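Open the structure in your viewer and keep the sequence beside it. Each stop below says what to select and what is there.

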Amino acid sequence: MTTVTLQVEGMSCGHCVKAVEEALKEVGATGKVDLASKSVAVSFEEGSVTLDAIKAAIEDQGYDVK
């Protein structure tokens, strides 16, 4: 299991947290959003999903991944 922390701009509320966490589940990853630091700690199996797919899933929800 690999864990990375991504900086995500545009999150501000509980709906944002749910949208990001659900998007991660859809691609086979899990995440813990920290609104205060505008970050998401993402855990995933490298053989199952790529970091690019994870970033794309978050960006598809309307957020900017740095």
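Select Lys-38 to begin. With a relative accessibility of 36%, Lys-38 counts as partly exposed, since that class lies between under 20% for buried and over 50% for exposed. The model you are looking at is a predicted one. Lys-38 sits in the loop that runs between strand 2 and strand 3. Although Lys-38 is not a glycine, its phi is positive, about 55°.

Now show the two strands on either side of that loop. Strand 2 and strand 3 make a hairpin, with 4 residues between them. Strand 2 covers residues 30-34 and strand 3 covers residues 39-44; the two run antiparallel and are joined by 5 bridges. Select Gly-31, and its bridge partner in strand 3 is Val-42. Select Lys-32, and the residue opposite in strand 3 is Ala-41.

In what order do the 4 strands of the open sheet lie? The order is 2-3-1-4, and the pairing is antiparallel. Strand 2 and strand 4 are the edge strands, each pairing on one side only. Helix 1 packs on this sheet, where it touches strand 2 and strand 3. The direction of helix 1 makes about 160° with that of strand 2.

Turn to helix 2. This helix lies across strand 1, strand 3 and strand 4, and runs at about 30° to strand 1. Select residues 51-60 to see helix 2, then highlight Ile-54, Ala-57 and Ile-58, which are buried. Look down the helix axis: the buried residues of helix 2 fall within an arc of 95°, so they line one face of the helix. An α-helix has 3.6 residues a turn, so residues three or four places apart point the same way. On the other side of helix 2, select Asp-52 and Asp-60, which are exposed. What covers the buried residues of helix 2 includes strand 1 (2-9), helix 1 (14-26), strand 3 and strand 4 (64-65). Just after helix 2, stop at Gly-62, where phi is positive at about 100°.

Go back to Ile-54 and show its neighbours. Leaving out residues up to four places away in sequence, Ile-54 touches Leu-6, Leu-24, Val-27, Ala-29, Val-42, Phe-44 and Val-49. Which residues have the most contacts inside the largest nonpolar core? They are Ile-54 and Ile-58, in a core of 18 residues. Strand 1, helix 1, strand 3 and helix 2 are the elements that give two or more residues to this core. Helix 1 gives the largest share, 5 residues. In soluble globular proteins, nonpolar side chains tend to be buried together.

The last stop is a pair of cysteines. Select Cys-13 and Cys-16. How many disulfides does the structure hold? There are 0. Cys-13 is in no disulfide, and the nearest cysteine sulfur, that of Cys-16, is 3.6 Å away.

Conventions:
Residues numbered from 1 in each chain as written. Predicted model: local features only at pLDDT ≥ 70, side-chain atom pairs only at ≥ 80, totals over all residues. Heavy atoms only, no water. Pairing = 2+ DSSP bridges. Buried < 20%, exposed > 50% of the residue type's maximum accessible area, 1.4 Å probe, protein only. Arc of directions from axis to C-beta. Contact = heavy atoms within 4.5 Å. Axes fitted to C-alpha atoms, helices over the stretch in contact; angles between N-to-C directions. Disulfide = S-S within 2.5 Å. Core = buried A, V, L, I, M, F, W, Y, C linked by side-chain atoms within 4.5 Å.
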